[in-house]
Amino acid sequence: MIEKLIILDDADPVMFYGVKNVNLQMIKSLYPKLRIVARDNVIKVLGDEELVAHFEECMTQLQKHCVTYNQLTEEVILSVIKGKGEWSLKGKKDEKVICYSVTGKAIKPRGENQQKLVEAFEKDDMIFATGPAGTGKTYASIALAVKALKEKRIRKIILSRPAVEAGEKLGFLPGDMKEKIDPYLQPLYDALEDMIPAVKLQEMLEKHVIQIAPLAFMRGRTLSDAVVILDEAQNTTTAQIKMFITRMGSNTKMIITGDCTQIDLPRSVRSGLLQALEVLKDVKGISFIEMNQKDIVRHKLVTRIVEAYDKYNNKEEDNA
């Protein structure tokens, strides 16, 4: 008889144990000769050494499945523990899938340019992804970051945005600094909440495995072993974007996204993104992905709205 502690390092315990512990109860029923007690993210098992070893191996596989697919079903539990059909992650893997949502839905590149973004992420360490609203620039970038984190290729994800509208207005907003700046960062939280279970996401935020901060908080840092994403980069100044991209440390990938048609800076201030695209266009190791109206994945009306504004702006320029 031996006792073993199995720690669920990566999987969300709530998802792993199932609603009302249905998965845990099923696992216990499949190991009637073992004494199994679970508390938080720790499973304590007591029993015959050979059976405990089998249990540990199966829990490792189940945890890996839970982390990858964001779900754990009775079918998978049975397949792993009973060995039916020699179930494995490899046999189920879809090469086009970036990661899975919290509902188990596959997140794949939608369109040719999103696929180019995925390919560029594997090839280069810095990527500029530009295009109109709704083309999935931010969402696909965060999905790539989550995938890299789950595969342990990096140790953290850092997401940033310039709080352009902030300035003096921040002081009039209620709450502490985090509460003041969170509204500007909400789109980043939304994407993460779609890909990482709530309990696990909160834990990652508390442990700074995932960091979300305004661009100003990046100054003086060296960002290593991370995927770093700068969203809404069209609203950076030339000094800000240079400061940001020079934070790059070892084993780090940077994705800079922006929409050059939605610059909220004062007219006298040049967009740092526009300058960076011009200055860095011939630098080796940097990819540039330009998306267009065909890549819009939001409601079909968004495509029509973007096209209508483009026509209007072109007409205004012709009449000027």
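This is a predicted model: local features need pLDDT of at least 70, side-chain atom pairs count only at pLDDT 80 or more; totals for chains, interfaces and linings use all residues.
Residues are numbered from 1 along each chain as its sequence is written, and side-chain values use heavy atoms, with hydrogens and water left out.

Now for the overall picture. The C-alpha atoms fill a box of roughly 85 × 40 × 40 Å, taken along the principal axes. The secondary structure comes to twelve helices and eleven strands, where helices (H or I, at least four residues) and strands (E, at least two) are DSSP runs numbered from the N terminus. Of the 320 residues, 46% are buried; buried means under 20% relative accessible area, exposed means over 50%, and partly exposed is in between (1.4 Å probe, protein chains only). Among contacts with a separation of 6 or more, 70% are between residues 24 or more positions apart, a contact being heavy atoms within 4.5 Å.

Ser-160 is buried, because its relative accessible area is 0%. The neighbours that Ser-160 touches, leaving out residues up to four places away in sequence, include Leu-188, Met-218, Ile-229 and Phe-244. The side chain of Ser-160 also reaches the backbone nitrogen of Leu-215 at 3.2 Å. One of those neighbours, Phe-244, turns up again in helix α10 (residues 238-245), whose buried residues are Ile-241, Met-243, Phe-244 and Ile-245. The cover over these buried residues includes β6 (126-130), β7, β9 (226-230), β10 (252-258) and α11 (272-279).

Next come the aromatic rings. A search of the whole structure turns up four aromatic pairs; rings of Phe, Tyr and Trp (its six-membered ring) pair if their centres lie within 6.5 Å, and planes under 30 degrees apart count as stacked, over 60 as edge-to-face and the rest as tilted. Tyr-31 and Phe-55 make an edge-to-face pair, 5.1 Å centre to centre with 80° between the planes. Tyr-31 is in the loop between α2 (22-30) and β2 (35-39) and Phe-55 is in helix α3 (residues 49-69), so this pair ties together parts 24 residues apart in sequence. Both Tyr-31 and Phe-55 are buried. Phe-128 and Phe-288 are stacked, because their ring centres are 5.4 Å apart and their planes are at 15°. This pair links distant parts of the chain, with Phe-128 in strand β6 and Phe-288 in strand β11 (residues 286-290), 160 residues apart. Phe-128 is buried at 0% relative accessible area, whereas Phe-288 is partly exposed at 32%.

Charged side chains pair up too. The whole structure holds 13 salt bridges, each one a side-chain nitrogen of Lys or Arg within 4 Å of a carboxyl oxygen of Asp or Glu. Lys-116 and Glu-112 meet in one of them (3.8 Å, N to O). These two are four residues apart in helix α6 (residues 112-123), so about one helical turn separates Lys-116 from Glu-112. Lys-116 counts as partly exposed at 37% relative accessibility, while Glu-112 counts as exposed at 58%. Lys-123 and Asp-124 form another salt bridge (2.8 Å, N to O). Here Lys-123 is exposed, with a relative accessible area of 60%, but Asp-124 is buried, with 10%. Glu-278 bridges to Arg-270, their closest N and O atoms being 3.0 Å apart. Glu-122, Glu-151 and Arg-153, meanwhile, are linked in a network of salt bridges.

Most residues other than glycine have a negative phi. Lys-152, however, has a positive phi near 60°, and its place is in the loop between α7 (137-150) and β7. Lys-152 is exposed, with a relative accessible area of 57%. Glu-232 likewise has a positive phi, near 55°, in the loop between β9 and α10. At 24% relative accessibility, Glu-232 counts as partly exposed.

Conventions. A polar contact is a pair of N or O atoms within 3.5 Å; within protein, one must be able to donate a hydrogen and the other to accept it, and residues adjacent in sequence count only if both atoms are side-chain atoms.
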